[in-house]
Amino acid sequence: MNAERVELAIVGAGCAGLSLAWHLLDAGIDGRRMVLIDPRTSYERDRTWCFFEVWPHPFEHLVTHRWERWRVRAPGGPWVERGDPEVPYAHLPADAFYGSVRARLAAAGVSLRLGVRAGAIDDDGRAARLETSAGLLEATLVFDSRPPLGDRSREVSLLQHFEGWEVLLEEDRFEPRSAILMDFDVPQTGRGAHFLYVLPFERRRALVEATWFSPDPPGDWTLHRESLRRYLGSARCSLVHRERGVIPMTTEPAATRWSPRIVPIGLAGGLAKPSTGYAFLDIQRHSAALAEDLAAGRPLAPRSRRSWLSHLQDDVFLEYLSRDPPAAAVAMVGLFERLAPDLTARFLHDRVSPRERVGVMRAMPIAAMTGALLRATPRWIRRKMPA
Ligand SMILES: Cc1cc2nc3c(=O)[nH]c(=O)nc-3n(C[C@H](O)[C@H](O)[C@H](O)COP(=O)(O)OP(=O)(O)OC[C@H]3O[C@@H](n4cnc5c(N)ncnc54)[C@H](O)[C@@H]3O)c2cc1C
């Protein structure tokens with residue numbers, strides 16, 4: 001079969017694929033060298049990206065809301081409110097991102113092929129050969145953001161799943177000054193840790209999300225809907241927007257298709273922080289690093305630049321969270337309580353020095369974390385051993 005020859009193929013034009021194309025253009029790479037493919041045929045607001053702005057990123061102009069204060073609450077505990085104007089919590093709706101990036105790609109002559117699904121991929125030592133629903137592509141380099149291959153249920157012990165409703169109430173209810181990041185003071189179901197996440201835009205408008213860190217998948221989402229209805233109570237409201245997500249919480253490497261010519265990116269490249277699911281900022285940093293390497297002719301970094309210490313800390317915390325979700329919830333709130341607000345924000349996005357990491361560990365319950373460390377250690381040793 002005749003193959004179409006392309007230089008840079010980006011598989012999946014979601015957050016990571018579009019971000020990479022943006023950063024490649026920033027690095028001076030000609031848009032006509034890039035082809036993006038994605039089976040979707042349209043873009044809509046299918047998610048909202050939120051993060052502490054602890055790293056610069058090129059989409060600051062698309063942030064629609066920033067909170068300089070935030071609150072958390074343990075089961076049965078008081079509110080803990082903290083804040084720092086230097087590291088606001090930012091809200092970026094996906095439709096604004098998709099629209100802005102697509103306009104730039106179109107102007108730069110990037111070929112974005114929607115309605116095209118990628119299939120098998122193979123590196124024959126000369127080029128990467130990619131089967132697609134529109135024919136065979138032969139590329140010098142492929143960046144692949146398709147969801148990871150294979151059955152991950154064996155290796156993933158926890159999932160983060162959430163349903164969010166942006167609601168407009170008929171009466172004032174929300175406190176727009178501060179975002180509620182984790183309210184664990186809600187009926188727990190015994191299936192992991194459950195909390196509400198409330199981003200108040202105005203007194204009457206907020207995005208309210210029911211979230212679980214759970215070993216079980218979300219099922220038919222009844223629990224999420226019940227939790228949201230319980231929170232809204234008898235308030236009369238209209239639904240402006242709804243979104244759902246499931247993110248694996250794991251430090252196990254994803255079954256990727258890495259080869260010198262095939263580079264996994266996005267969640268497929270392990271870029272979601274295992275203990276929180278935050279990925280947007282890491283995707284920007286990884287895309288920028290790949291683009292710089294490519295523009296400079298350097299070898300490409302195979303995966304995220306997260307340190308082994310960060311992985312270990314996440315692993316230990318996930319072990320603790322799977323064993324004792326209520327205690328882990330209290331520990332998370334304790335971090336917000338004890339650490340300087342900017343350190344908490346930076347820790348959640350891995351922008352901390354090794355010394356600061358030790359400080360974070362000291363703010364956790366030492367005995368429980370030591371137990372979790374001991375339980376996590378065999379997994380670490382096994383992972384380092386050749387298969
Ligand atoms: C609802 C939701 C909310 C989130 N909120 C946050 C947040 O607040 N903060 C944060 O940091 N992270 C958040 N995340 C996590 C993460 O930032 C997002 O999942 C992000 O979109 C990951 O980017 P990605 O490119 O890896 O995946 P995606 O953005 O999902 O892109 C993958 C693309 O691959 C395409 N694809 C699938 N199969 C094929 C195929 N066979 N061939 C070609 N293309 C294919 C898909 O159509 C899709 O466009 C959220 C995730 C979800 C789901």
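Predicted model: local features only at pLDDT ≥ 70, side-chain atom pairs only at ≥ 80, totals over all residues.
Residues are numbered from 1 along each chain as its sequence is written, and side-chain values use heavy atoms, with hydrogens and water left out.

**Exercise 1: the whole chain**

Work out how many helices and strands the protein chain has, and why its radius of gyration fits a compact globule.

Step 1. Start with the secondary structure: the protein chain has nine helices and 17 strands. These are DSSP runs numbered from the N terminus, with helices being H or I of at least four residues and strands being E of at least two.

Step 2. Now the radius of gyration, which is taken over C-alpha atoms; the globule rule is 2.2 Å times the number of residues to the power 0.38. For 387 residues the rule puts a compact globule near 21 Å, and the protein chain has 21 Å, so the two agree.

Step 3. For the box, go along the principal axes: the C-alpha atoms fill roughly 65 × 55 × 40 Å.

Step 4. Finally, 54% of the 387 residues count as buried. Buried means under 20% relative accessible area, exposed over 50%, and partly exposed in between (1.4 Å probe, protein chains only).

**Exercise 2: around the ligand**

Find out how many residues surround the ligand, and which domains give residues to the shell.

Step 1. Count the neighbours: 31 residues surround the ligand, and the closest are Ala16, Asp38, Cys50, Leu267 and Ala279. A residue is near if one of its heavy atoms lies within 4 Å.

Step 2. Sort the shell by type, and you get 17 nonpolar, seven polar and seven charged residues. Here Ala, Val, Leu, Ile, Met, Phe, Trp, Tyr, Cys and Pro count as nonpolar, Asp, Glu, Lys and Arg as charged, and the others, Gly among them, as polar.

Step 3. Look for polar contacts (pairs of N or O atoms within 3.5 Å; within protein, one must be able to donate a hydrogen and the other to accept it, and residues adjacent in sequence count only if both atoms are side-chain atoms). An N or O atom in the side chain of Arg47 is 2.9 Å from a ligand oxygen, and a polar side-chain atom of Trp49 is 3.1 Å from a ligand oxygen. Leu267 uses its backbone instead: an N or O atom there lies 2.8 Å from an oxygen atom of the ligand.

Step 4. Turn to the elements: strand 16 gives the most to the shell, with four residues.

Step 5. Domain 1 (3-45 + 94-150 + 251-296) and domain 2 (158-249) both give residues to the shell, so the ligand lies between them. The domain bounds come from an automatic or database domain assignment.

**Exercise 3: four single residues**

Step 1. Trp221 isn't a glycine, yet has a positive phi of about 70°; at 11% relative accessibility, Trp221 counts as buried.

Step 2. Asp350 is not a glycine either, but has a positive phi of about 60°, and Asp350 is buried at 13% relative accessible area.

Step 3. Glu292 and Leu24 are 268 residues apart in sequence, yet 7.8 Å apart in space, C-alpha to C-alpha.
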